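Student: I have a model open on my screen and would like to learn how to read it. Could you take me through it feature by feature?

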Amino acid sequence: MLNLKNFIALCCLSAQIQFGFAQLTIKVTSIPNNTPAGSTIYAVGTFNNWAPADPTKKLTLNSDGTYSITLTPPVGQVKMKFTRGSWPTVEGDVNGNFLPDRVFNYTGSPTTLTLSILSWEDQGSGTGGGSTAASNVQLLDDNFYIPQLNRTRRIWLYLPPDYYTSTKHYPVLYMHDAQNLFDESTSFSGEWEVDETLNELHQAGNFGCIVVGIENGEAYRLDEYSPWINPSYGGGQGDEYTEFIANTLKPHIDANFRTLPGRLTTGIMGSSMGGLISMYALSERQDVFSKAGIFSPAFWFADQNSANHVATHPKQGEARTYFLAGGDEPQYVEDDMNDVADAMLAAGFGVNEIYFTVPTDGQHSEWFWAREFKDAYLWLFAGVSDTESLGNANLSTVELFPNPAGNTLRFTGFPTAKPMSVRIFNPNGMLYRDTTTVKANEALSISDLPKGVYFVKVEVPGMGSNLLKFVKQ
């Protein structure tokens, strides 16, 4: 017989099962300026059969001006949009045009998504009408957290025109100073027209590329874009910023979008200080990046540190680096680029892995970088196709970096978001490490291993295994 005490306990357990699991909190930090006063905002999607005015899916207006709602969707892929109560009032892109469904992979763990609504289709652009961003550019997050620096940043995302009509997986290019990449209205002195250029190339048959734009931190820009301190201007946070891209942002992009995650299909690009940090990232994290666009780099900021860093980080795999400066820039810009290019050769990179160009009319300006972006992109990503399609995923793309290794070992080229089990043997079959679990780009300590040659067996259930070899120095 069920007494009152047991009944209450059962109810509490039921509540824990119902409310303690499968909670997805959605927080909207900004809405268009032209949102009609008193509007009610609804979340619609696969969790409510796309009902545009579901009274149980109203967002709550919080005291700080944000909106939020907590959902309990099934585990798996969640698709959704926001409306003001009807399909004519559905959210749009930055220009007020059609916005594809928002897609998230929900794991079942308590999760909070921070989003922004860019426009309403019935109201047009909510940015004041000056946006020049293409319809396939979206704001990924207004406040993407940077744990390495304990601050947040706005992240932009360009998806190829055929992203939602194909099953392709794409290479990814990470770019700095995102304010200047896609939109004239957010730029400081003109935009790079990255979206227009890539859309035109797609029309001409180019395979396509995802671009992740990271806005600069304004007051933090110089600090984040150099790992070395300039006594007059700052710096010193470039290592943490690079680790953010490699260890936090990239895993998020790979987990939520159809990417080609290997180093051979991952690039980084920037201008001025963005060129400096891009060169550092390519050299420092060869396990993640194999392509870098170095436009009008501010290597002067770090004196000879950039060249010395490159020279002391031997080549670990195939790479491509595109150096660009303008003839109307100070001569030291070209001279410093030459020093870094020579350092690449000293580090073991080949002449065919370096492209060096100084157009005579080029200036330290967005119009110049916008003009040259097309050629740089085509050279950096020449020959890239869907060779790592996750539809036929296996572990043959996994690589070890660095090799020879010191006290840490990294794994790159994961064709999956799942962690791998790792076992390390010596040539005689002696097992030194058993079933260590690692994630993509995660550093594995091998400081306890004696110097010598080792074999690593990596394995993921359902995807097979791969046997790799490395040398511990």
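Student: Where in the chain is threonine 357 placed?

Tutor: Threonine 357 sits in strand β20 (residues 354-357). Helices and strands here are DSSP runs numbered from the N terminus, with helices being H or I of at least four residues and strands being E of at least two. Bear in mind that this is a predicted model: local features need pLDDT of at least 70, side-chain atom pairs count only at pLDDT 80 or more, and totals for chains, interfaces and linings use all residues. Residues are numbered from 1 along each chain as its sequence is written, and side-chain values use heavy atoms, with hydrogens and water left out.

Student: Is threonine 357 buried or exposed?

Tutor: We call a residue buried under 20% relative accessible area, exposed over 50%, and partly exposed in between (1.4 Å probe, protein chains only). Threonine 357 has a relative accessible area of 18%, so it counts as buried.

Student: Which residues does threonine 357 touch?

Tutor: A contact means heavy atoms within 4.5 Å. Leaving out residues up to four places away in sequence, threonine 357 touches Tyr322, Phe323, Leu324, Ala325 and Met337.

Student: How should I read the nonpolar cores?

Tutor: The general idea is that nonpolar side chains tend to be buried together in soluble globular proteins. A nonpolar core is a set of buried Ala, Val, Leu, Ile, Met, Phe, Trp, Tyr and Cys residues joined through side-chain atoms within 4.5 Å. The largest one here has 54 residues, and those with the most contacts inside it are Tyr174, Ile210, Val212, Leu249, Met279 and Phe323. Helix α5 (residues 273-284) gives this core its largest share, seven residues. Apart from it lies another core of 34 residues, including Leu139, Tyr322, Leu324 and Phe368.

Student: What does methionine 279 touch?

Tutor: Not counting residues up to four places away in sequence, methionine 279 touches Ile294, Phe299, Val310, Thr321, Phe323, Val340 and Met344.

Student: And how do I read salt bridges?

Tutor: Side chains of opposite charge can pair when their charged atoms come close. The rule used is a side-chain nitrogen of Lys or Arg within 4 Å of a carboxyl oxygen of Asp or Glu. A search of the whole structure finds 15 of them. One of these joins glutamate 91 and arginine 102, at 2.8 Å from N to O. Glutamate 91 belongs to strand β6 (residues 91-92) and arginine 102 to strand β7 (residues 102-106), so the pair ties together parts that are 11 residues apart in sequence. Glutamate 91 is buried at 0% relative accessibility, and arginine 102 is buried at 12%.

Student: Which pair links helix α3 to strand β12?

Tutor: Look at glutamate 224 and arginine 151, whose side chains meet in a salt bridge of 2.8 Å, N to O. Glutamate 224 is in helix α3 (residues 221-224) and arginine 151 in strand β12 (residues 151-158), 73 residues apart. Glutamate 224 is buried with a relative accessible area of 0%, and arginine 151 is buried with 15%.

Student: What does arginine 221 pair with?

Tutor: Arginine 221 forms a salt bridge with aspartate 177, the closest N and O atoms being 2.9 Å apart. Arginine 221 lies in helix α3 and aspartate 177 in the loop between β13 (172-175) and α2 (194-203), so the pair ties together parts that are 44 residues apart in sequence. Both arginine 221 and aspartate 177 are buried. Salt bridges that share partners also join Arg151, Arg153 and Glu224 into one network.

Student: What should I look for in the backbone?

Tutor: Check the peptide bond from asparagine 403 to proline 404, which is cis with omega near 10 degrees. Proline 404 is in the loop between β21 (399-401) and β22 (408-412). Then find serine 296, which has a positive phi of about 40 degrees although it is not a glycine. Serine 296 is in the loop between β18 (291-295) and α6 (305-311) and is buried at 0% relative accessibility.
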